[in-house]
Amino acid sequence: MRVKNKFKESFILHCNAGGRLFPLVVGCLLFLHLFSFAHQRNAQSGETHLSTNQRTQFSILEKVEEKNIQLPQPRKRSARAAKRKPKRPTTFIDEFLDESSQLRHVFFPDQRTAVDPRKDNGNDTYYYHPGRIWLDTEGNPIQAHGGGILYDSRTKMYYWYGEYKDGPTYHAHKKGAARVDVIGVSCYSSKDLWTWKNEGIVLAAEEKNETHDLYKLNVLERPKVIHNEKTGKYVMWMHIDDANYTKASVGVAISNFPTGPFNYLYSKRPHGYDSRDMTLFKDDDGVAYLIYSSEHNKDLHIGPLNEEYIDVTESMRKILIGQHREAPALFKHQGTYYMITSGCTSWSPNEALAHASDSIMGPWETIGNPCIGGNKIFRLTTFFAQGTFVVPLSGVPGLFIFMADRWNPADLKDSRYVWLPLTVGRPFDHRPEYSFGLPLWSRVSIYWHKKWRLPYR
């Protein structure tokens, strides 16, 4: 729920006029209350289109589900070692990053629990199991990390693009982050968002040309694809970097088909600024936008693409200035723009934040941590994952899929997917600026479930 900026400014102007304007203040507050109530009714009206069965399943998705895990007993150390260097208490983050942890199976369940669409799963068919190995229709683990989903109205298929990380994990140098050599961008197709067919590598790495952006020892991350109705092209944008993360650019590729092959065009620093984690968002009017972490991840920048979607325009706004957010994932609901971001802690999980705005170009307001359920550490680590995309779902107003990666820095090809239901429209617990005690934005909620399915299954 929102109030237009010009209304906020008008309210502040009048309400600061002094005690003699008390009746006007009361009137302003009453109007705000009525506005908020009316907006709530409008926001909830979409739910009336749900069937009784959908409403029941929708309420199941919003049920708070707890996750109880305990830290293992600390390993015994010799008295001499303890005296030489006292050990700080072990945290859940330490256990998550420790490949020999006794809790390893909690974060990374083994192959025996894999989600396999080839099998008769009985009542488990179409259920998502966050954190488990997820197999494609050929029985191989899906490799589409840091990715996004495109629904193509021409083929009536969903296409999942991501980083193909099926290679050995290593460090380029002593202080370098864990990495795998670039293999390329993968593509998977599906009609139901659960059964995925591997369409192959649609943008391949360059094996020999060391000067090429896609050279295997460089970095290719977070590919996103949108379709341009005017040109008929499928356009891919991605984060392009060198092994030391100093190039900090975006790359652009195009194709005539959603399954590629994509022709790589060029890389650049958009608007003259460094660019790292990035995403694309295509609005209802066909205008597409690039959103990227910049100025060493201090700010986010956002700006429209040109009509062909292959370059930025001169227009750009800095948002969430000084907040050090990355991994932006945008979506829109009932005319309001929302965004989920993460903090900047390399491969370690951290707290997600939700943001909202009347205009995609801002200003944006932070409305709090959207994660619900699990336990406190789950909520403070985005369920030990990092967001990458939000999938809109037709036919179920206010319901989306939050896509996230549970990174495994010890073995990046074994990183997992955490897909969870995201809803918009419930009361929120963080009041943004100018709220005057009244809810101005609908709450964004990401619910933890050890297993769940879409309500129309």
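Author: Accessible areas come from the Shrake-Rupley method with a 1.4 Å probe. The model discussed here is predicted.

Reader: What does the accessible surface of the protein come to, and what share of it belongs to carbon and sulfur atoms?
Author: The total covers the protein as predicted. That surface comes to about 21,400 Å². The share belonging to carbon and sulfur atoms is 52%.

Reader: How many helices and strands does the protein have?
Author: Both kinds of element are present. The count comes to seven helices and 23 strands.

Reader: What percentage of the residues count as buried?
Author: Buried means under 20% relative accessible area. The protein has 457 residues. Of these, the buried share is 53%.

Reader: Among contacts between residues at least 6 apart in sequence, what percentage join residues at least 24 apart?
Author: A contact needs heavy atoms within 4.5 Å. Take the pairs at least 6 apart in sequence. The share joining residues at least 24 apart is 54%.

Reader: Where is F402 found, and is it buried or exposed?
Author: F402 has a relative accessible area of 1%. The cut-off for buried is under 20%, so F402 is buried. Its place is in strand β21.

Reader: How far apart in space are F402 and Y447, C-alpha to C-alpha?
Author: In sequence, F402 and Y447 are 45 residues apart. In space, C-alpha to C-alpha, the distance is 9.5 Å.

Reader: Which residues does F402 contact, leaving aside neighbours within four places in sequence?
Author: Contact means heavy atoms within 4.5 Å. With those neighbours set aside, F402 is in contact with I340, T382, G387, F389, V390, V418, W419, L420, L422 and I446.

Reader: Where is N408, and which residues does it touch beyond four places in sequence?
Author: N408 sits in the loop between β21 (399-406) and β22 (416-426). N408 is buried, because its relative accessible area is 2%. Beyond four places in sequence, N408 touches R104, F108, D414 and S415.

Reader: How many disulfides are there?
Author: C187 is buried, at a relative accessible area of 0%. C371 is buried too, at 5%. A disulfide is counted when two cysteine sulfur atoms lie within 2.5 Å. By this rule the count is zero.

Reader: What is the average pLDDT, and where is pLDDT below 50?
Author: The average is 87, and 82% of the residues score at least 70. Residues 1-18 fall below 50, with 36 contacts in the model beyond near neighbours in sequence. Another stretch under 50 has 16 contacts beyond four places in sequence: residues 434-439.

How values were computed: Residues numbered from 1 in each chain as written. Predicted model: local features only at pLDDT ≥ 70, side-chain atom pairs only at ≥ 80, totals over all residues. Heavy atoms only, no water. Helix = DSSP H or I, 4+ residues; strand = E, 2+ residues; numbered from the N terminus. Buried < 20%, exposed > 50% of the residue type's maximum accessible area, 1.4 Å probe, protein only. pLDDT = per-residue confidence, 0-100.
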